[in-house]
Amino acid sequence: MAFLERRIHLITGKGGVGRTTVSSALARAAARHGKRILLAEIGDQEGGYSAIGRHFGVEQLMPTPQELEPGLLACHLWGAAGHELFLHRILPGALVRTALRSKALGRFLLGAPAFHEMGVFYHLLTLLEAKEPDGSPTYDIIIVDMPATGHALALTALPRILLRLVSSGPMAAAVRLGLSYTTNPDKAATWVVTLPEQLPVTEALELVQGLEDTEMPVGGVILNRYPENPFDPDEQAALDEWMTLKPTHGELTWRRLAYSRQSSKRLQDSLEVPLWTLPEIDNLDGRMDVALAEELFGLLEGSL
Ligand SMILES: Nc1ncnc2c1ncn2[C@@H]1O[C@H](COP(=O)(O)OP(=O)(O)OP(=O)(O)O)[C@@H](O)[C@H]1O
Ligand SMILES: [Mg+2]
């Protein structure tokens, strides 16, 4: 199933592997294909510092989507925004205002286990369901920059746990509706971003397994920051021999190339889903991350 045909993409992976960079590049690429894209990040507080914003020269994102580029909107998925949307669905307006002014309720919504995630999930669902006056979806595709690994699994496992806690009523209906998106491989895909090193590859393979266990359709693995290899196979063989004779200057770089090749092979051998490889982009010449996203976009465009 092609990337552009699905409604929602979740970008996961462990900390620092490039989830935000890849999410931003994918969103920009998809928007340039004429789709209306919503790029969403998950935060703990409203209007905090935005990692996505940095790629587009914006300080912070709000729960309400704002346009960053033609056809590309972004927002901050926030638990409290979801709580408010949900209360509006089940209560008359005046009661919602009273409920939201209640300090006790506020403390409960922030403190109760899984309530923040539930709010995030409901906020996301509302955006997925948003329609234009002609009935078409307001956002063709929503790309979510997910929190680091542990959190991502907590979020993808949440709907089923919730259904065990509340099996009827409006919350259960919302969770079932959400699951009808996120567990359907025609509508959703989860992507695991990783680096060409041993431990991150092991963790990525575990995450793919964990996602499959929570019935999330895995779109593929994105191997990010793959180093450029300037040597052809003959030169590689000659240099391999030389390195075994005499460890020398440049050995670390050489070893990194070898680890990267091994990582890529290990992923190819173990995965049943597609593997995309994105190169390490030399960012040392002071270029902004905006330029990095541009360059990744060019590479990704061919794969969309
Ligand atoms: N392909 C790449 N080439 C060079 N640098 C990269 C590449 N991808 C990401 N980076 C750099 O790696 C760093 C981490 O990237 P990013 O912030 O996207 O990761 P993340 O997974 O979202 O991190 P966090 O866990 O902090 O949210 C950034 O400084 C980014 O510029
Ligand atoms: Mg990030």
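In this report Ala, Val, Leu, Ile, Met, Phe, Trp, Tyr, Cys and Pro count as nonpolar, Asp, Glu, Lys and Arg as charged, and the others, Gly among them, as polar. By that scheme the shell around ligand 1 has six nonpolar, eight polar and four charged residues. The model is a predicted one, in which local features need pLDDT of at least 70 and side-chain atom pairs count only at pLDDT 80 or more, while totals for chains, interfaces and linings use all residues. Residues are numbered from 1 along each chain as its sequence is written, and chains are lettered from A and ligands numbered from 1 in the order in which they are written.

A residue is taken as near a molecule or strand if its C-beta atom, placed from the backbone, lies within 6 Å of it. Of the 18 residues around ligand 1, those that come nearest are Gly15, Gly18, Arg19, Thr20 and Thr21. Two or more residues of the shell are given by each of α1 (19–32), β7 (218–226) and α12 (289–301), where helices (H or I, at least four residues) and strands (E, at least two) are DSSP runs numbered from the N terminus. The largest share, three residues, comes from α1.

Helix α1 is mostly covered, since 13 of its 14 residues are buried; a residue is buried if 20 or more other C-beta atoms lie within 10 Å of its own, exposed if 12 or fewer, and partly exposed in between, with C-beta atoms placed from the backbone. The helix is followed by Gly34, which has a positive phi near 85 degrees.

In α11 (residues 251–270), the buried residues are Ser260, Ser263 and Leu267. Seen down the axis of α11, these buried residues fall within an arc of 65 degrees, so they line one face of the helix; the arc is that of the directions from the helix axis to the C-beta atoms. They pack against α9 (198–213), β7 and β8 (275–279), and two residues are in contact if their C-beta atoms, placed from the backbone, lie within 7 Å. On the face turned away from this buried side, α11 carries the exposed residues Glu251, Arg255, Lys265, Gln268 and Asp269.

The table sets out the spans of these helices, the expected span being 1.5 Å times one less than the number of residues.

| Helix | Residues | Span, first to last C-alpha | Expected span |
|---|---|---|---|
| α1 | 14 residues | 20 Å | 20 Å |
| α11 | 20 residues | 28 Å | 28 Å |

**A hairpin**

Strand β3 (residues 66–69) and strand β4 (residues 72–77) run antiparallel and are joined by three bridges, two strands being paired if DSSP finds at least two bridges between them. Glu67 stands opposite Leu73 in β4. The hairpin has two residues between its strands, and Gly71 takes a positive phi near 80 degrees there.

**Individual residues**

Leu155, in helix α7 (residues 149–165), is buried, with 24 other C-beta atoms within 10 Å. Leaving aside neighbours within four places in sequence, Leu155 is in contact with Glu117 and Met146. Its C-alpha atom is separated by 12 Å from that of Gly210, which is 55 residues apart from it along the chain.

Glu215, in the loop between α9 and β7, has a positive phi of about 60 degrees although it is not a glycine, and it is partly exposed, with 15 other C-beta atoms within 10 Å. Arg225, found in strand β7, is likewise not a glycine and has a positive phi of about 65 degrees; with 19 C-beta neighbours inside 10 Å, Arg225 counts as partly exposed.
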